[in-house]
Amino acid sequence: QVQLVESGGGLVQAGGSLRLSCAASGSIYNTNSMGWARQAPGKQRELVARITSGDSTDYADSVKGRFTISRDNAKNTVFLQMNSLKAEDTGVYYCNWRGLRSGGYRYEDYWGQGTVVTVSS
């Protein structure tokens with residue numbers, strides 16, 4: 001199995017910045033991608049950003065130009081730098097790992113416990 005440990009959530013004023021981090025550990029054979037999704041009460045979970053093994057990135061339109069995803073492959077860690085935060089960025093942010101476990105036969109998705117980001121206006 002793969003464990004994901006997240007940190008960096010908290011309270012920040014609109015216009016401010018916050019940096020989330022997530023470290024993956026466990027029976028990792030190959031990491032295909034890591035990313036972040038968020039969910040607010042009553043709303044669907046949405047992909048915020050993803051970075052692949054080929055170092056390509058993908059962002060939700062709502063965060064383009066404000067959020068930056070990066071990774072430290074040696075530490076199996078992914079970061080999400082969030083700048084110019086808006087109230088609508090408030091939600092629970094979940095870290096995702098997608099890849100092949102040691103002895104696995106297919107790609108699997110694992111999710112972190114979530115970290116709360118609250119942006120006050």
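Reader: Which residue in β5 stands opposite M34?

Author: This is a predicted model, in which local features need pLDDT of at least 70, side-chain atom pairs count only at pLDDT 80 or more, and totals for chains, interfaces and linings use all residues. Residues are numbered from 1 along each chain as its sequence is written, and side-chain values use heavy atoms, with hydrogens and water left out. Strands are DSSP runs of E with at least two residues, numbered from the N terminus, and two of them pair if DSSP finds at least two bridges between them. Strand β4 (residues 28-39) pairs with strand β5 (residues 46-52) in the antiparallel sense over six bridges, and the residue opposite M34 is I51.

Reader: Which residue in the turn between β4 and β5 has a positive phi?

Author: The two strands form a hairpin with six residues between them. A positive phi of about 80° is found in that turn at G42.

Reader: Which residue of β6 does I51 stand opposite?

Author: β5 also pairs with strand β6 (residues 57-59), antiparallel and over three bridges. These strands form a hairpin with four residues between them, and D55 in its turn has a positive phi of about 70°. In β6, the residue opposite I51 is T57.

Reader: Which residue stands opposite E108 in β10?

Author: Strand β9 (residues 91-101) runs antiparallel to β10 and is joined to it by four bridges. Their hairpin has six residues between the strands, with G103 at a positive phi near 80°. Opposite E108 stands G99.

Reader: How many strands does the protein chain have, and what is its radius of gyration?

Author: The chain has zero helices (DSSP runs of H or I, at least four residues) and eleven strands. The radius of gyration is taken over C-alpha atoms, and the globule rule is 2.2 Å times the number of residues to the power 0.38. For 121 residues that rule gives 14 Å, and the chain is close to it, so it is as compact as a globular protein of that length, with a radius of gyration of 14 Å.
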